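Please look at the model below before reading on.

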Amino acid sequence: MAPSSYQAPTRGDKAEKTTYSQSASSNLAQSQSTVADLLGGKGDAVFSVRPGDTIGQVVGVLKDKRIGAVLVTDQNGALVGILSERDIVRRMADTPGQTLPQQVEGLMTREVQTCAPDETLNAVLKRMTEGRFRHLPVLRDGKLCGMVTIGDVVNFRLRELEYEALKMKQMIVG
């Protein structure tokens, strides 16, 4: 037996009364937040090493700074590669006991994907997910100006969604 407040739908009940607050298009709407917005709160610090440094030196930097990747720059500060914890672990599996003395230039990724400060976070997140990488250097006019991680992007977007939900709740209640 249906609860007393239940009323069976009648013809025409659905017409013109559908809400769209949780439609597929609204849930997948592009956020206009940019990499610059994220860096505004995170800061523009980047940690870099040189191609001639050893993997042992990089491991020290990763541990001390509590980060997952370092950028590899030349003597002028230009980006020439990136090296992640994952890269190092894979090399350790291939060369057990011989990895730490190796030079960065023999292990770094040379074809580095980058982004610009004006790119949207949704576009960056899509590239990172499809490319299966977690760190993305930010270049402005060809010069390093920051680094974003997939965690940075997800956390920023979650905070945005929480704020949007709070504002909607205030609009409904108030």
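1. A crossing is called left-handed if the near helix is turned anticlockwise from the far one by less than a right angle, and right-handed if clockwise. By that convention, the crossing of α5 and α6 is left-handed. Helices here are DSSP runs of H or I with at least four residues, strands are runs of E with at least two, and both are numbered from the N terminus.

2. This is a predicted model, in which local features need pLDDT of at least 70, side-chain atom pairs count only at pLDDT 80 or more, and totals for chains, interfaces and linings use all residues. Residues are numbered from 1 along each chain as its sequence is written, and side-chain values use heavy atoms, with hydrogens and water left out.

3. Helix α5 spans residues 121–131 and helix α6 residues 150–173; their axes come within 10 Å and cross at roughly 140°. Axes are lines fitted to C-alpha atoms, for helices over the stretch in contact, with angles from 0 to 180 degrees between N-to-C directions. The pair is therefore oblique, given that angles under 35 degrees count as roughly parallel, over 145 as roughly antiparallel, 65 to 115 as roughly perpendicular and the rest as oblique.

4. On the α5 side, the contact (heavy atoms within 4.5 Å) is made by Leu-121, Asn-122, Val-124, Leu-125, Met-128 and Thr-129. Ile-150, Val-153, Val-154, Phe-156 and Arg-157 make it on the α6 side. By class, the contact has 8 nonpolar, 2 polar and 1 charged residues. Ala, Val, Leu, Ile, Met, Phe, Trp, Tyr, Cys and Pro count as nonpolar, Asp, Glu, Lys and Arg as charged, and the others, Gly among them, as polar.

5. Mean pLDDT (the predictor's confidence in each residue, from 0 to 100) is 84 for the protein chain, and 82% of its residues reach 70 or more. Over residues 15–30 the pLDDT is below 50, and this stretch has 6 contacts in the model beyond near neighbours in sequence. Where pLDDT is low, the predicted coordinates should not be read in detail.

6. The protein chain has 6 helices and 5 strands, in the order α-α-β-α-β-β-α-α-β-β-α along the sequence. Of its 174 residues, 29% are buried (under 20% relative accessible area; exposed is over 50%, partly exposed in between, with a 1.4 Å probe and protein chains only).

7. Two non-glycine residues with positive phi deserve a look. Arg-66, in the loop between α3 (55–65) and β2 (69–73), has phi near 55° and counts as exposed at 77% relative accessibility. Asp-141 lies in the loop between β4 (135–140) and β5 (143–149); its phi is near 55°, and at 75% relative accessibility Asp-141 counts as exposed.
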